Structure formats: structure tokens, C-alpha cells
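Hello,

Here is the structure we talked about. Please open it first and then read the notes below.

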Amino acid sequence: MRRHRNVKIVATLGPASNDYEMIRALHEAGADVFRLNMSHGSHDEIRARHAIIRQVERDLDSPIAILADLQGPKLRVGEFADGEEELQEGASFRLDLDPAAGDGARVCLPHPEIFAVLEPGARLLVNDGKIRLTVRDCGKDFADCTVTVGGTISNRKGVNVPDVVLPLAALSEKDRADLEFVCQLGIDWLALSFVQRPADVEEARALADGRAAILSKIEKPAAVKAFDDILAVSDGIMVARGDLGVELPVQNVPPIQKRLVRRCRAAAKPVIVATQMLESMIESPMPTRAEVSDVATAIYEGADAIMLSAESAAGDYPVEAVTTMDNVAVEVESDPTYIEVIEASRRAERHTIADGIVAAAREIAETTDIRAICCYTESGTTAALTARERPRVPIIGMTSIRGTARRLALTWGVNCVMTGELNRFKMAVVNAARAARAQGYASEEDQILVIAGVPFNVPGTTNILRVAPCAEHLIFASDPE
């Protein structure tokens, strides 16, 4: 399904988007990737949503990526005898391993791994940072704290520990079970929550065993510090601004977002900007002006994808939220300033033959009358490298592997077309011309660029760049076998 924009849209599915009609409507409105949130919904519900997405994909003949988002380790306080307590600023409050019901002076924090690394001065943020505690004294089974920001604390509220790297297993038992379940179902991307170090990604990759691409969510200060190493072992990144904005001062998040997006682009790995992008559309058919600006900013920065969470999963206006994102993207990308910003942020990456070929393709496309760049790709790498260049003309990814086409639904500007395996370069050019015409990118009078590799159907062999006519009689008359 041809889009009139380059940035991709990720829509989270949930109670508000649970049937065929709605999921199809979301895809037709602009959703390129569907996110299955493993924090909510049973395996039976996830399986049903997965089946519907694949049915929509078949009915519309449009590759759709499915992203399964693992819950990750959740740190929570225990329960209170009265259900909740009011903590006053300046008061003392203890966290410990005693399972007894809490009161106004203490509560259980059933995570000995936290106490093992706490130090005086460390901060503990409860309920998304609404309550803030500073550690005065601590031991292997307690932490005596001062309440620096008071409020109501209640049963099972979440705890963030921003100042230390926690010795937590990257994947809980639930995560491991969910990972195996979704990989057996057949997903395209696996998102890891609360990544702190490269080893967390490598553990998940070993368990996935090639069945899904790995996307690391950056939502902890430790992940920001180790970002280059995490990026190196990841296939993609999500800038998860919710927890990041809890554990870091909120004013730090925008510059971090900008830096991470640029580093991902330089590495030719897709990056999603997520969290609260159109939050008001959970209950309103219209977004706020600030939300529209937030979406636009991510697009101007060159993000591969922008994401809806509760807006499409549990909101009253899921289709309207996707439509709004689509409209904003089309408008931003038609702005001459967008092209200036994107091209000013381009970094020359010239290390391989493939790097040189995709850079040359962009230069040729922008200096001559080329309608599209058609790149043959087995693993998706050539299409991703082409997308890194952010060319002004459409990118058509030609692949015989459906899994590759689906994964590329997350990559900026790539519109994938399925093609059979090839063994002649002339037929590669013919198929590319047919795809460009069928998708409405070019007519018989136009020219396209074809990027391919010989031998065919072998990843990592990109070595041909061909300017080709779209008229088949001209291809057969002029092209080599």
C-alpha cells in the first residue's frame, strides 16, 4: 500500500483496536507497524490479534510489520494495610524486605537486588516520579529514606532507580515465556524494555535465534550512557520517553532524543520515537497544538517511525489518531525546510561498496530526472542503507523474502514489493520497472535507478547501480542479460 510520506507509523493494539474491521481501518489510515504490548493481554488475545493482522496483510497484499513489546522487569512496592498512605515532604520512610503490610513509616520493596546496589544519596522514584525518596542509610535488606517530594503512595506502585545500574536479569520469566510464544507465532520485531547494557540485548538475541529482529528501548540513564554499545548489538531502537522522562530531568529528554535519532540514522538502523505523542486523543478527536508540534519535531529530526500507544490501544479515536499522524507527516515532509534539515544532518558514511553505491544512487536521483530507487535486498541491509541517505525520490525495496519485506515496514521511506528469486539481471530491471509503474511512482516515459548484487539472492553482494528506462521494450533492447 503506497504511502505519501516517508516516516512510518506504529500503532499499538488493545481493547479499542481488537477486531478485523478496526485493524484494517488503522492500516488503511496509515499504520505500517502494529505493536503487541505483552504487558497487557493474554496469549490467546495476542494470538487473535496476530491472526487478524496477517489476514489484513493478505487481503490488502501489503507487508505489515508486527512488533512484540516485552514487559521487562517491573519493580513495585508491596501493599499497605490501609491500601494507601500520605507521605509528607521531609518525613522519614523505610523500604525493606519485610512482607508485612506497610504503613505511614515503611513498606516492603521485594527486590533484594535493589538494596544490594543502593548507596546513600541515591534516588527512588515511586509512581512515575510523583513521589521521590532520597536514601540516607541502607543495608542489604533496608533503605532509610527522606521524602523529598510527597504524595499518596498506594499498593503495588512502580519504583524507578535512576542513579544505579541494577543487577537485574534482562528478561523475567514472563518475558522468556512471552518471547518464545511470539517468536513461534511469527513476529518481525521484538522490543526489549529497560535495557541497561549490551549483554541484555545479546541474551534476547540468543533466545530469539534469528526469528525476529531485536529493538532496544532506551528508557534508563544507564542505556543512554551505554548507547553506542547497545546500538551496535541492536537491529533498531525505540526512544521510550515515558520512563526516560521519569528517571531523568524532563528537560534532558529532547536533546537526548535528537542525539539518539542521529546516531541511529548514521548506523542505518531504524529508530522509533514513542510515548505521549497524541496523548489527548485518547479522549478527544483533536490533538493539542503542542502534540502536533511534538510529532512534527520527530519527523524533522529524521526518525524512521513515530508511535501511538494508548491512543490506538485504548482510546476513543484510534483511527483519527493514525489519520492525524499521517496528515502531520505529509504536511511536514512537503515543507522545503524539512528537506533542508534532513540534508543538513546527513553524515557521509563511506566504508563499503554498498555505502558508495547507495550514496551515488541518491546523488544521481537528485541531479537527474529519476522517479524512484529500486533496490534488491535479501536481508534488508541495502534498503536500510538507501534509506539512511534520505533521498528525495521514493525507495522501492524488492525482495523475495516476506520476512524482510515486513521488517522493512519500519524503515524510513521503504515501500516493499515481493518478487520471485532472480538469476538474470535483465529480469531484475524489468521487475523493478513493473513495480515502479504498478505502484504509481513512474510511467513508461520515466527512468528509475536499480540497485542489485551479483550473484543474485545472496545477502551482502550489492555491487550494481543501473539507470534504467521504465519502458520494457527499451530494457530488452539495451540491457545485458
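**The barrel**

Eight strands, in the order E1-E2-E3-E12-E13-E14-E15-E16, close into a barrel with parallel pairing. On average, neighbouring strands of this sheet are turned by 25° against each other, direction ignored. Helices (H or I, at least four residues) and strands (E, at least two) are DSSP runs numbered from the N terminus, and two strands pair if DSSP finds at least two bridges between them.

This is a predicted model, where local features need pLDDT of at least 70, side-chain atom pairs count only at pLDDT 80 or more, and totals for chains, interfaces and linings use all residues. Residues are numbered from 1 along each chain as its sequence is written, and side-chain values use heavy atoms, with hydrogens and water left out.

Leucine 192 is opposite serine 216 in E13.

**The aromatic pair**

How many aromatic pairs does a search of the whole structure find? It finds one. Tyrosine 300 and tyrosine 338 form this pair, which is tilted, at 6.2 Å centre to centre and 55° between the planes. Rings of Phe, Tyr and Trp (its six-membered ring) pair if their centres lie within 6.5 Å; planes under 30 degrees apart count as stacked, over 60 as edge-to-face and the rest as tilted. Because tyrosine 300 lies in helix H10 (residues 289-301) and tyrosine 338 in helix H13 (residues 336-344), the pair ties together parts that are 38 residues apart in sequence.

Regards

Definitions and conventions
Axes fitted to C-alpha atoms, helices over the stretch in contact; angles between N-to-C directions.
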